[in-house]
Amino acid sequence: MKTTIDLPEPLLRKAKAEAALRGMKLRELVQSGIEQVLAQPAPKPSARPTAFDLMQEGCGVVESGVGDLASNPKYLANFGRE
């Protein structure tokens with residue numbers, strides 16, 4: 001069966017050159033690549049990490065550079081409690 005695919009020009013040039021180096025036609029190289037990808041198990045869709053997941057990885061706390069707001073003079077000045 002024939003089909004048309006759109007490849008970036010640099011990728012197409014590299015693929016043609018690789019096929020020639022291997023003594024293959026471009027069609028054979030593309031078919032081989034598709035077969036290799038399909039032989040591997042499909043990656044599981046990535047779920048959005050929960051806050052717990054981020055904390056477990058050490059990514060849940062972000063350092064803002066601002067100390068505790070209760071003792072921050074700039075924060076307290078906004079409420080007239082310096």
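Tutor: We can begin with one side chain. This is a predicted model, and in it Glu18 has a relative accessible area of 31%, so Glu18 counts as partly exposed.

Student: Which side chain does Glu18 meet in a salt bridge?

Tutor: The general idea is that side chains of opposite charge can pair when their charged atoms come close. Here Glu18 pairs with Arg22, at 2.7 Å from N to O. Arg22 has a relative accessibility of 54%, and the cut-off for exposed is over 50%, so Arg22 counts as exposed.

Student: How many salt bridges does the structure hold?

Tutor: There are two. Glu9 is partly exposed, at 47% relative accessible area.

Student: What is the volume of the largest pocket?

Tutor: Rolling a probe the size of a water molecule over the atoms shows where empty space is left. In this model the largest pocket has a volume of about 430 Å³.

Student: Which helix gives the most to the lining of the largest pocket?

Tutor: Helix α2, residues 26-39, does, with five residues. The residues lining the pocket include Met1, Asp6, Leu12, Arg27 and Ile34.

Student: How many residues of each class are in that lining?

Tutor: Seven are nonpolar, two are polar and three are charged.

Key
Residues numbered from 1 in each chain as written. Predicted model: local features only at pLDDT ≥ 70, side-chain atom pairs only at ≥ 80, totals over all residues. Heavy atoms only, no water. 1 Å grid on protein atoms, 1.4 Å probe; cavity = no way out; pocket = protein on both sides within 12 Å on 5 of 7 lines; lining within 4 Å. Points joined across faces, edges and corners; volume = space filled by probe spheres on them. Helix = DSSP H or I, 4+ residues; strand = E, 2+ residues; numbered from the N terminus. Nonpolar A, V, L, I, M, F, W, Y, C, P; charged D, E, K, R; others polar. Salt bridge = Lys/Arg side-chain N within 4 Å of Asp/Glu carboxyl O. Buried < 20%, exposed > 50% of the residue type's maximum accessible area, 1.4 Å probe, protein only.
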